[in-house]
Amino acid sequence: FQRKNLTLFFSIGLLTSWGTALLGVRLYWMGNKPPSFSNSDNPAADSDSFLTRTLTFFYLPTKNLWLLLCPDTLSFDWSMDAVPLLKAVSDWRNLHTVAFYAGLLLLAYFSLKGSSNERECNGKTVMNGKQNANGHSCHPEMEYKTLEVKSSFASKEENGLKKHEIQKLQLPSTENIVILSLSLLIVPFVPATNLFFYVGFVIAERVLYVPSMGFCLLVTVGVRALYVKAQKRFLKNLVFCSTAALIVFYGLKTVVRNGDWQNEEMLYRSGIKVNPAKAWGNLGNVLKSQSKISEAESAYRNALYYRSNMADMLYNLGLLLQENSRFSEALHYYKLAIGSRPTLASAYLNTGIILMNQGKTEEARRTFVKCSEIPDENLKDPHAHKSSVTSCLYNLGKLFHEQGHYEEALTVYKEAIQKMPRQFAPQSLYNMMGEAYMRLSRLPEAEHWYVESLRSKSDHIPAHLTYGKLLALTGRKSEAEKYFMKAIQLDPTKGNCYMHYGTFQVD
């Protein structure tokens with residue numbers, strides 16, 4: 001039995017080693033850095049109070065166990081205030097924490113103690129399978145330690161008679177199964193406990209997939225133990241019926257939860273009672289994509305009611321208002337978004353565009369310049385940020401261009417090209433570069449950028465028109481006419497193309 005326990009602990013050690021190795025590979029893949037996340041993703045990690053962090057992090061495994069035990073309330077997102085922080089020892093939820101860890105320790109203790117008692121019992125001679133040399137009773141059959149089976153494949157013919165060999169199939173002891181269950185329950189969950197590094201979530205139901213196997217095994221062992229120890233038929237039937245009812249109710253809960261996952265709208269609506277700010281915000285995005293504008297606006301405002309400083313939600317509401325020509329309201333929410341997150345480049349971009357369209361050129365210029373000076377550090381979405389900064393520089397260049405400051409426009413355009421991310425569509429930027437060079441009568445440079453614009457997007461109509469104008473100016477009439485005709489062919493309904501072609505014909 002000592003050898004069996006060595007095998008058990010070796011298995012647990014192997015499980016732990018594999019988990020550690022996978023965690024190490026994950027960290028290496030992330031550049032040996034812990035995951036970056038916003039303060040709202042894990043509020044406890046952002047707390048300045050050591051007591052708050054400690055009490056909350058000790059409580060969270062208790063909450064996760066409750067989700068396994070009674071998954072009555074589930075959510076796609078448990079961030080923000082879905083689980084309020086434990087800020088004082090007097091918080092009644094600390095009783096849950098104490099009960100959880102005390103129960104866990106007692107279960108591990110009695111499992112190891114029971115395994116030790118089993119070694120003492122089975123280490124002595126058993127007479128008639130019931131009593132050892134000291135007169136103490138042992139009941140291995142009550143614990144289902146062995147099963148006797150007739151081995152048909154071991155039978156053989158000898159002297160015309162069949163002889164059957166009896167084999168004993170060894171099953172793991174209850175104590176060993178409990179230890180294995182606890183290992184499956186605890187070890188895979190350890191990386192999510194904030195013990196080694198802070199994680200980007202409060203509770204994530206996905207991290208319970210593997211621990212749920214250990215939990216189910218533990219429940220099964222408990223049910224078997226109750227069934228075996230029940231002496232009366234009534235009690236055995238009660239255990240059986242209770243287990244069947246549990247399976248039915250869990251199955252019904254699964255069916256109901258599957259309904260929540262049918263589409264995004266139903267999923268986000270199901271999360272409103274747990275995380276209303278996040279759920280209403282995501283629901284607003286879905287409703288907007290369905291062109292339900294008034295419902296989307298209402299959803300965004302509901303999200304802001306629960307959490308008024310969400311920069312993304314303020315920006316989304318501002319964008320919705322801007323798209324519906326409610327520019328003054330949109331500016332108000334863009335400014336609130338910038339106040340909540342000063343690095344939100346897309347809010348600067350749209351603010352500058354509205355101001356430029358309203359003729360407030362100086363205010364628009366300051367907005368675009370401020371956007372271009374945002375540092376590229378600690379950003380939530382670096383790629384989107386770079387695209388917005390490039391767009392800000394592009395619009396700043398257009399502003400200078402419209403004011404006749406072509407050299408300044410070119411300087412800004414060049415900065416935009418330097419900061420431009422790979423996924424940015426550059427055809428308009430290249431075309432405006434060509435326009436600025438053409439205004440400065442630097443025709444070779446202008447032609448180069450017109451060609452680059454068409455190379456990046458072969459059906460870019462403005463580049464066809466501006467390049468056609470340059471070709472006409474340099475006396476290449478036949479080539480110019482091809483580009484004008486191509487622009488008309490790309491969009492026959494666009495009057496601007498006919499106007500430029502008509503001007504070319506007059507000239």
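Which residues form one aromatic cluster with Phe100? In this predicted model, the cluster consists of Phe58, Phe100 and Tyr101. A search of the whole structure finds nine aromatic pairs.

A pair of aromatic rings is described by the distance of the centres and the angle of the planes. For phenylalanine 58 and tyrosine 101, the ring centres are 5.7 Å apart. Their planes meet at 80 degrees, so the pair is edge-to-face, given that angles over 60 degrees count as such. Phenylalanine 58 belongs to helix α3, which spans residues 50-69. Tyrosine 101 belongs to helix α4, which spans residues 93-122. The pair therefore ties together parts that are 43 residues apart in sequence.

Tyrosine 101 also pairs with phenylalanine 100. Here the distance is 4.7 Å centre to centre, with 75 degrees between the planes. This pair, too, is edge-to-face.

Phenylalanine 100 has a relative accessible area of 16%. Buried means under 20%, so phenylalanine 100 is buried. Phenylalanine 58 has a relative accessible area of 45% and is partly exposed. Tyrosine 101 is also partly exposed, at 26% relative accessibility.

Charged side chains also lie over aromatic rings. Arginine 93 is placed over the face of tyrosine 59, at 5.3 Å from the ring centre. Arginine 206 lies over the face of phenylalanine 201, and its distance from the ring centre is 5.3 Å.

Definitions and conventions:
Residues numbered from 1 in each chain as written. Predicted model: local features only at pLDDT ≥ 70, side-chain atom pairs only at ≥ 80, totals over all residues. Heavy atoms only, no water. Phe/Tyr/Trp six-rings, centres within 6.5 Å; stacked < 30°, edge-to-face > 60°. Helix = DSSP H or I, 4+ residues; strand = E, 2+ residues; numbered from the N terminus. Buried < 20%, exposed > 50% of the residue type's maximum accessible area, 1.4 Å probe, protein only. Lys NZ or Arg CZ within 6 Å of the ring centre and 35° of its normal.
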